[in-house]
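Please look through the structure below with its secondary-structure elements in view.

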Amino acid sequence: MTPVLRITDLVLETGTADAPLRPVSHAGFEVAHGEAFGLVGESGSGKSLTLRAVTGLLPEGVRQAGGTLELERDGALRPYRFAEARGRGIGMVFQEPMTALNPTMRIGDLVTAGPRARHGWSRRTARSRAVDLLAEVGMPDPAAQARMWPHQLSGGLRQRVMIAMALATEPSVLLCDEPTTALDVAVQDQILRLLHRIRVERGLSIVFVTHDLGVVRRLCDRVAVMYAGQVVETGTVDEVFTRPTHPYSAGLLRSMPTPDTPRDRPLAAIPGGQPGAADRPEGCRFAPRCAHALPACAGLAHTLAEVPGSPSRSACLRVADLGGPPLDRKALVSPLGGGTA
Amino acid sequence: MTGRGRFWFVGRRLLQAIPLTLVLLLLVFAMLKVVPGDPALQVAGPRASAATLQAIRVHLGLDQPVWLQFVHYLGRVATGDLGTTATGSTKVSTLIASGTPVTLVLLAVSTVFTVVIAGATALLAARRPDGLADRLINVVAAFGVGVPTFWLGIVLLAGVALPTGAFPIGGWGDTPATVLRAAVLPALALSVSVAPVLMASLRSGIVEARRSEYHAAAQAAGVRGWTLTRRFVLRNAAVPPVSLLAALTTLLLSGAVVVESTFGLPGLGLSLTQAAQNRDFNVIQGLTLVFSLAVVAVNLVGDVLVALLDPRVEV
C-alpha cells in the first residue's frame with residue numbers, strides 16, 4: 001500500500017554556503033496510513049529539525065539543502081508545497097503548549113484560525129466548529145473553554161487545545177514534536193491516550209518525535225532511530241525493541257531501566273557522547289563509541305540496508321555477524337490498547 | 001480578561017489616577033511657593049509701605065497657613081479659576097481655552113504621522129532583520145532622534161514651505177482645511193524625533209512575533225497571509241509600542257513647545273514660552289497643570305489600550 005508520507009535523503013544545513021554544517025544529512029522515513037511512527041534519538045540527533053522540515057517551518061538560519069518530501073494524493077506519492085500541506089495534509093503539535101498558543105487570542109478563535117480564513121467561515125461557523133474540536137480532544141465544558149485565553153488554562157489543557165488546532169485542518173498526518181515533554185507525568189499519560197484515541201477514531205497517521213523510548217513502546221507501530229543527523233535503524237517497534245540491529249539502538253535500549261534492573265548497579269551507558277554537527281567523524285558516525293567497530297567502519301558510506309533474518313533496516317556494517325541474545329524490553333511498558341483518553 | 005474584568009480594570013485605573021492628580025496639584029501649587037521673591041512686593045512695587053504689603057498679603061490670602069492656601073487653590077482650580085496674566089488683562093483660563101485646540105490638533109496630526117511613519121518603517125525593516133532596508137532605516141532613525149526639532153522646523157520652513165508655497169510660513173488657519181495645512185509641517189517636525197523610538201519598539205516586536213512558536217504553530221495550522229500578519233504578528237507586536245506611545249506623549253508635549261515657537265502657532269506651547277520670558281507665573285502654573293493632567297490622562301488611556309490588547313495584563 002502507498003505510504004501517506006515519505007521523506008527521502010533530507011539534508012538540512014546551517015552556516016554559510018561555503019562552509020555549511022549539516023545538522024541532518026540523508027535522513028528519511030515513510031509513514032503508512034493509520035500508523036503511529038516514532039522518531040527517536042538524543043537531543044541534537046536532528047529528530048525535531050527533521051520533523052520541522054516536513055512542514056517547512058525550520059528555525060531561522062536552517063535551510064533544506066536536499067531531499068524529497070512527498071505526500072499521498074489520489075493513491076500516489078507526490079511532492080507537495082508547504083502552504084498546501086499545512087492547510088490540509090499535515091498537522092503539527094508543538095512541544096511547548098506555553099509558547100505555541102498565541103496569548104492574545106481566545107481559545108475558540110485560535111483553534112479554527114486556519115480553516116476559517118481558508119474556507120471563509122462566518123464567526124458562528126468557526127465558533128461551533130471550535131467547540132466540536134475542543135469536545136473531541138476532551139476539554140471539559142468546551143463552549144466555556146472556547147471563550148478563555150491560553151494563559152488561563154493548565155499545561156495539559158493547553159496541549160489539548162494545540163491538538164485541536166492541528167486537527168482543525170483535517171490532516172491525514174499529525175506530526176507531534178515531543179508533545180508530552182513539557183507536561184507532568186500524569187498529564188503525559190492522558191495526552192498519549194488522547195493521541196492514541198484520535199488516531200484510531202480518525203484513522204490518521206501520527207509521527208511522534210521523542211527521546212522517551214517508553215512512549216514509543218506504548219504508542220508506536222514502527223520506529224526510526226536517529227543518531228548524529230542520520231537514521232541508523234528503522235523497523236517495527238516489536239522488532240527493534242527486542243532485536244536491535246544497530247549497536248547504537250542496542251545501547252540506547254540497554255540504558256533503559258526496567259522493573260528487573262538491579263538497583264545497586266549503575267545503568268548501562270554508551271561511552272562517550274554524540275558528536276555535534278561540526279565534529280562528526282568520517283564513515284559511520286557511531287564507530288568511535290562502538291564496541292564492535294572495525295577499521296572498515298571509518299570508510300562506510302551511510303545506507304540503510306536490509307538485515308538478513310530481520311524485517312528491520314540498519315546502517316551497521318556488521319549487521320550480519322552481530323547477533324546476540326534478544327533483549328527483553330517488552331515487560332517495560334504495555335502498549336496502549338484499551339483504556340480511555 | 002472577561003468583559004466585566006475589563007470594566008473593573010478601567011474603574012480601578014481611574015481611581016488610581018485621583019491620588020496622582022492630587023499630588024500633581026500639590027506640586028504645581030508648591031511651584032509658586034519655592035519661587036524666590038515676595039508676591040506682595042511684586043504687586044505693590046518696591047516702595048510700598050509695610051502696611052500696604054500686609055494688606056495685599058491678606059487680600060491674596062498669603063497670611064493664612066499654607067495648607068489652607070492649598071485648599072483654596074484646589075477650590076479655585078475646581079471652578080476653573082487659574083488667575084489672570086501678569087498684565088491683568090486676560091484670564092489664564094481664557095488663554096488656555098484658546099490655545100488648547102491648536103495644540104490638540106498639532107498633537108493629533110503629529111501622532112498620526114508618528115504612527116504611520118513608525119508602522120511603515122517598522123514593517124519594512126522587520127521584513128529582513130539586518131538586511132539592507134533594516135540597516136538603512138536604522139541609520140535614518142538615529143539621525144531622526146538626534147536632529148533638533150527647532151532646526152528641523154526651520155529647514156522645513158525654508159526648504160518646503162517657502163519654495164512650494166503649499167504650506168503657510170507659520171501661523172494658524174481659521175477653517176478646517178487651512179488649519180490642517182498649517183499643522184502638517186510642524187507636526188512632521190515633531191514626529192521625526194518621536195517616530196524612531198516607536199519604530200524600534202514595533203520592529204523588534206514584529207521580529208520577535210515572527211520567531212515565536214505560536215507563529216510557527218499558526219502556520220502549521222494553515223494560517224497564512226493577512227490573517228497571519230494581523231492576528232499573530234501585529235496584534236502581539238503592538239502591545240509594547242502602545243504603552244510606549246503613551247509615555248512618549250511627554251516628549252511630544254515638550255516638542256510642541258518648541259515647534260509652536262518655531263512656526264508661530266498660537267497654542268499652549270507658545271503661551272508657555274512667552275510666559276517664561278515674561279516671568280508670568282500664573283500662566284506657567286496653569287499651563288504646567290494642564291500639561292501634567294494631559295500626561296496622566298494619556299497614560300490612563302494607554303494602560304486601558306494595553307489591557308485590551310493583551311489579555312494577560314491584570315492589575
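**From one bridge to two chains**

A:I7 has A:F29 in β2(A) as its bridge partner. This is a predicted model, in which local features need pLDDT of at least 70 and side-chain atom pairs count only at pLDDT 80 or more, while totals for chains, interfaces and linings use all residues. Residues are numbered from 1 along each chain as its sequence is written, and chains are lettered from A and ligands numbered from 1 in the order in which they are written.

The bridge belongs to the pairing of strand β1 (residues 5-14) of chain A with β2(A), which is antiparallel and extends over 6 bridges; two strands are said to pair if DSSP finds at least two bridges between them. Helices (H or I, at least four residues) and strands (E, at least two) are DSSP runs, numbered from the N terminus. In chain A, 4 strands make up an open sheet in the order β2-β1-β4-β5, with antiparallel pairing. The edges are taken by β2 (21-31) and β5 (76-79) of chain A, each with a single partner strand, so one side of each has no neighbour in the sheet. On average, and with direction ignored, neighbouring strands of this sheet are turned by 20° against each other. Helix α1 (residues 47-55) of chain A packs on the sheet, where it touches β1, β2 and β4 (63-73) of chain A, and its direction makes about 110° with that of β1(A). Axes here are lines fitted to C-alpha atoms, for helices over the stretch in contact, and angles run from 0 to 180 degrees between N-to-C directions; contact between two residues means that their C-beta atoms, placed from the backbone, lie within 7 Å.

A further strand of chain A, β9 (residues 222-227), is mostly covered, with 6 of its 6 residues buried, a residue being buried if 20 or more other C-beta atoms lie within 10 Å of its own, exposed if 12 or fewer, and partly exposed in between. In a regular strand the side chains alternate between the two faces of the sheet. Accordingly, A:R222, A:A224 and A:M226 point one way from β9(A), and A:V223, A:V225 and A:Y227 the other way. Strand β3 (residues 36-40) of chain A runs parallel to β9(A) and is joined to it by 4 bridges, A:G38 having A:V223 as its bridge partner. Strand β10 (residues 230-236) of chain A runs antiparallel to β9(A), with 6 bridges between them, and here A:A224 stands opposite A:T234. In the hairpin of β9(A) and β10(A), which has 2 residues between the strands, A:A228 takes a positive phi near 50°.

Taken as a whole, chain A has 11 helices and 12 strands, and buried residues make up 45% of its 341 residues.

Chain B meets chain A through 22 of its residues, which are in contact with 29 residues of chain A. The largest share of this side of chain B, 7 residues, comes from α9(B).

Within chain B, helix α11 (residues 239-263) and helix α13 (residues 281-309) pack at an angle of about 170°, with their axes 8 Å apart. They are therefore roughly antiparallel to each other, since angles under 35 degrees count as roughly parallel, over 145 as roughly antiparallel, 65 to 115 as roughly perpendicular and the rest as oblique.
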